[in-house]
Amino acid sequence: MSLACGIVGLPNIGKTSVFNAATGAGAERASYAFSTVEPNLAEVDVPDPRLEVIHGYVKTDRVVPAKVKLVDIAGLAAGASTGEGMGNKFLGHIKETDALCQVVQCFERAELARETPVDPKGDIEVLELELALADFETVSRNADRVAKKARTGDKEAIFQGEVFARAKALLEDGTQLRTVEWTKDERVALRPMFLLTLKPVLYLANVGDDDFDGSSAFAQAVAAHAESVGSPWLPMCADMECELSAMDTDDRALFMEDLGLTELALPRLLASVYRLLGLQTYFTAGEIEVKAWTIEKGDTGPVAAGKIHTDFEKGFVRAEIYSVDDLVEHKTEAAIRAAGKLRVEGKAYVMRDGDICHFLVNR
Ligand SMILES: Nc1nc2c(ncn2[C@@H]2O[C@H](COP(=O)(O)OP(=O)(O)OP(=O)(O)O)[C@@H](O)[C@H]2O)c(=O)[nH]1
Ligand SMILES: [Mg+2]
């Protein structure tokens, strides 16, 4: 699974802090005053409470969570799309990702009195305009290419030309293409360009340590924007999460109690990213391990089996499936079978999130 989420935002607003919190790199690295130059890639465990529930009934030595890839990218300043600074190079790194987590500054910096006022809505606009302008360049280049072919009467090129013209007009106004309805054919025409504004986005309001629940006007401005464009959002105090992620479990519990925090934002962030990427999970619960496997929404039984071993996809015969709820109710797989709750599914079965599976394969 190579899907990855890029962490984007204006410079110096906590992107690397989010990345470090997620990778458990901790406070030392984050408090370093450095700017990201090269992108940082990490595969991060996705916390899933269902794993512990399953492990409560199926005793194994190992519990293996699903993973998601995060890429920490340098800050994008206004002018990035025209190659300001290292703009173009950074935009290139975002291109390779499948979804974006846009970090928005919602905390005030007491230490910098001359800092410009915090303006989440304005920051989102600046960043998204850069993304739109970068896409405009990409589409323009491709529009020129298909225009030549269209003149020969090539039907596909004519269609592409029409789609590209529409996209250009939208991008010129700073419109994010993901907020626009596209037909399946139009999406196919746009897909090879890996456009930045077509990627699904999650807004992360990086709040101060006095606003964990995101009720401040700053965070609520992010919430309102996210809602208006149909994207998810969540508040997180990146600095604090970073410190907490570096602590051992006991210290963390004490510290959180002091702060009046009942849960970390990080697990929710990773679960949201996972969903944003269109990913879901099925489980295997055998003698050796309880393991979460990553599949895409809509994947069938054979495709899911192929994640365990490529041969399993071809050799797939059927799957025996039960749910976490079945396990909680009946306690063992044998009891689930005896109760007639073990489902048998064939090759056309579309996997559901949270299925616990055995695959029967011909080898
Ligand atoms: N007060 C406060 N400061 C924060 C928070 N998150 C990050 N910072 C501070 O902001 C500064 C920049 O943090 P980074 O995580 O390096 O920011 P960045 O967006 O990765 O920066 P670039 O990669 O240079 O664009 C650091 O000094 C952090 O300690 C926060 O939630 N509250
Ligand atoms: Mg950084």
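This is a predicted model: local features need pLDDT of at least 70, side-chain atom pairs count only at pLDDT 80 or more; totals for chains, interfaces and linings use all residues.
A residue is called buried if 20 or more other C-beta atoms lie within 10 Å of its own, exposed if 12 or fewer, and partly exposed in between. Keep that in mind.

Let's start with His93. Where is it? His93 sits in helix H4, which covers residues 87–95. Now apply the rule. His93 has 17 other C-beta atoms within 10 Å, so it is partly exposed.

What does His93 touch beyond its neighbours within four places in sequence? Its contacts there are Pro39, Val71 and Ile73. Take Pro39. In sequence, His93 and Pro39 are 54 residues apart. In space, their C-alpha atoms are 7.3 Å apart.

Next, Phe194. This one is in a loop, between helix H7 (184–190) and strand E6 (201–207). Look at its backbone. Phe194 is not a glycine, yet its phi is positive, about 50°. Buried or exposed, or in between? Phe194 has 16 C-beta neighbours inside 10 Å, so it counts as partly exposed.

Last stop, Lys331. Which elements flank it? Lys331 lies in the loop between helix H14 (324–330) and helix H15 (333–338). Here is another positive phi: about 80° for Lys331, which is not a glycine either. Now count around it. Lys331 has 12 other C-beta atoms within 10 Å. The cut-off for exposed is 12 or fewer. Therefore Lys331 is exposed.

To recap. His93 is partly exposed, and so is Phe194. Lys331 is exposed. That's my part. Thank you.

Note on methods. Residues are numbered from 1 along each chain as its sequence is written. Chains are lettered from A and ligands numbered from 1 in the order in which they are written. Helices (H or I, at least four residues) and strands (E, at least two) are DSSP runs, numbered from the N terminus. Two residues are in contact if their C-beta atoms, placed from the backbone, lie within 7 Å.
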